[in-house]
Amino acid sequence: MTSFDSWSFNFFSMTLATLAIIISKSSVTVALPIEFRPSPWSLAHATFYGDETASETLGGACGYGNLFSNGYGTDTAALSTTLFNNGFACGTCYQIKCVESTWCYPGVPFTTVTATNLCPPNWAQDSNNGGWCNPPRVHFDMSKPAFMKIAQWKAGIVPVMYRRVPCVRPGGLRFYFQGNGYWLLVYVMNVGGGGDIAQMWVKGSKTGWIRMSHNWGATYQAFATLGGQSLSFKITSYTSKGTIIAWDVAPANWNVGSTYTAEVNFH
């Protein structure tokens with residue numbers, strides 16, 4: 001009887017240990033993310049930049065590069081400084097509807113855009129006459145295709161109502177690497193839920209968690225030697241404060257100039 005009890009205890013202990021390993025290495029939340037909810041509607045104004053091809057929207061202050069190949073398409077907008085929040089608003093999503101203008105398309109409830117760029121101030125012009133993105137104005141400089149979904153482009157500028165909404169992204173977070181052997185710069189894309197990032201950490205297979213600093217836009221950097229190690233990332237949402245871990249996103253033979261996709265995302 002004593003032998004059986006000892007065997008049962010050892011088996012139970014081993015089972016708990018195995019479960020602990022599975023839980024610690026699985027792509028689960030470590031600080032329960034709050035599901036992002038739409039914000040109330042607020043008043044702003046919208047203009048557009050570029051032409052119907054939206055080619056001028058490529059690149060941008062958030063660092064998403066080719067918006068077409070990276071999944072953002074033409075439904076994008078540059079935010080005024082007040083909204084841009086030093087780049088922490090990169091990746092956020094908004095519903096925008098044209099209001100109180102004869103240029104609005106009737107029967108169009110709204111269109112949804114992702115923040116991919118900064119609309120900088122133009123202090124040479126009055127805030128109500130050309131300096132549309134001057135603080136403290138709340139303004140959206142949309143791609144022309146996105147603007148043309150809610151209003152006639154000849155309007156130039158229209159009053160709009162807007163609200164933050166959850167970003168619906170297919171698949172997991174994507175990480176594009178740049179840097180060198182001592183510096184890793186990561187562009188974070190395809191972020192769901194609130195769409196934004198507050199903090200980020202990287203972990204090599206031979207290191208502990210290393211806190212990354214915000215570089216600019218949607219990029220984070222670590223000054224560390226991480227070559228030859230598989231890399232995991234821990235990401236905290238700016239809006240919901242929830243945190244998720246993406247284990248072993250990049251293999252040990254990762255390279256700069258490559259994109260790696262996680263199995264997890266915010267919602």
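## Overall composition

The secondary structure of the protein chain comes to 3 helices and 15 strands, in what is a predicted model. The chain has 267 residues, of which 45% are buried, and it exposes about 13,000 Å², with carbon and sulfur atoms supplying 59% of that area. When contacts between residues at least 6 apart in sequence are considered, 70% of them join residues at least 24 apart.

The mean pLDDT of the chain is 89, and 87% of the residues reach 70 or more. Over residues 1-24, however, the pLDDT is below 50, and this stretch has 2 contacts in the model beyond near neighbours in sequence.

Strand S13 covers residues 231-236, and because 6 of its 6 residues are buried, it is largely enclosed by the rest of the structure. In a regular strand the side chains alternate between the two faces of the sheet. In S13 both faces are covered, with Leu231, Phe233 and Ile235 buried on one side and Ser232, Lys234 and Thr236 buried on the other.

S13 pairs in the antiparallel sense with strand S10 (residues 199-204) over 6 bridges, and 5 bridges join S13 to strand S14 (residues 243-250), which also runs antiparallel to it. Phe233 takes part in both pairings: Val202 stands opposite Phe233, while in S14 the bridge partner of Phe233 is Ala246.

## Ser232: a buried polar side chain

Ser232 is found in strand S13 and counts as buried because its relative accessibility is 3%, which is under the 20% limit. A polar atom of the Ser232 side chain lies 2.7 Å from the backbone nitrogen of Asp248. Not counting residues up to four places away in sequence, Ser232 touches Trp201, Val202, Lys203, Trp209, Ala246, Trp247, Asp248 and Val249.

Ser80 lies in strand S3 and is buried, with a relative accessible area of 0%. A polar atom of the Ser80 side chain lies 3.1 Å from the backbone nitrogen of His139. Leaving aside neighbours within four places in sequence, Ser80 is in contact with Leu118, Cys119, Cys133, Arg137, Val138 and His139.

In soluble globular proteins, nonpolar side chains tend to be buried together. The largest nonpolar core in this model has 30 residues, of which Tyr64, Leu79, Tyr94, Ile96, Phe140 and Met142 touch the most other members. At least two residues of this core are supplied by each of strands S2 (42-49), S3 (76-80), S4 (93-98), S5 (111-119), S6 (139-143) and S7 (158-165), and likewise by each of helices H2 (81-84) and H3 (144-147). Apart from this core lies another, of 28 residues, among them Leu184, Val186, Tyr220 and Ile235; Ile235 is also one of the buried residues of S13.

Not counting residues up to four places away in sequence, Tyr64 touches Gly59, Asn70, Tyr72, Cys90, Gly91, Ala115, Thr116, Val188, Met189 and Ala218.

## Backbone geometry in the loops

Most residues other than glycine have a negative phi, and most peptide bonds are trans. Against that background, a cis peptide bond joins Pro135 and Pro136, with omega at about 5°, and Pro136 lies in the loop between S5 and S6.

Asn86, which is not a glycine, has a positive phi of about 55°; this residue is found in the loop between H2 and S4 and counts as exposed because its relative accessibility is 64%, which is over the 50% limit. Lys241, also a residue other than glycine, has a positive phi near 70°. Lys241 belongs to the loop between S13 and S14, within a hairpin that has 6 residues between the strands, and Lys241 is exposed, with a relative accessible area of 52%.

Methods: Residues numbered from 1 in each chain as written. Predicted model: local features only at pLDDT ≥ 70, side-chain atom pairs only at ≥ 80, totals over all residues. Heavy atoms only, no water. pLDDT = per-residue confidence, 0-100. Contact = heavy atoms within 4.5 Å. Helix = DSSP H or I, 4+ residues; strand = E, 2+ residues; numbered from the N terminus. Buried < 20%, exposed > 50% of the residue type's maximum accessible area, 1.4 Å probe, protein only. Polar contact = N/O pair within 3.5 Å; in protein donor to acceptor, adjacent residues only side chain to side chain. Pairing = 2+ DSSP bridges. Core = buried A, V, L, I, M, F, W, Y, C linked by side-chain atoms within 4.5 Å. Areas by Shrake-Rupley, 256 points an atom, 1.4 Å probe, with all protein chains shown as cover.
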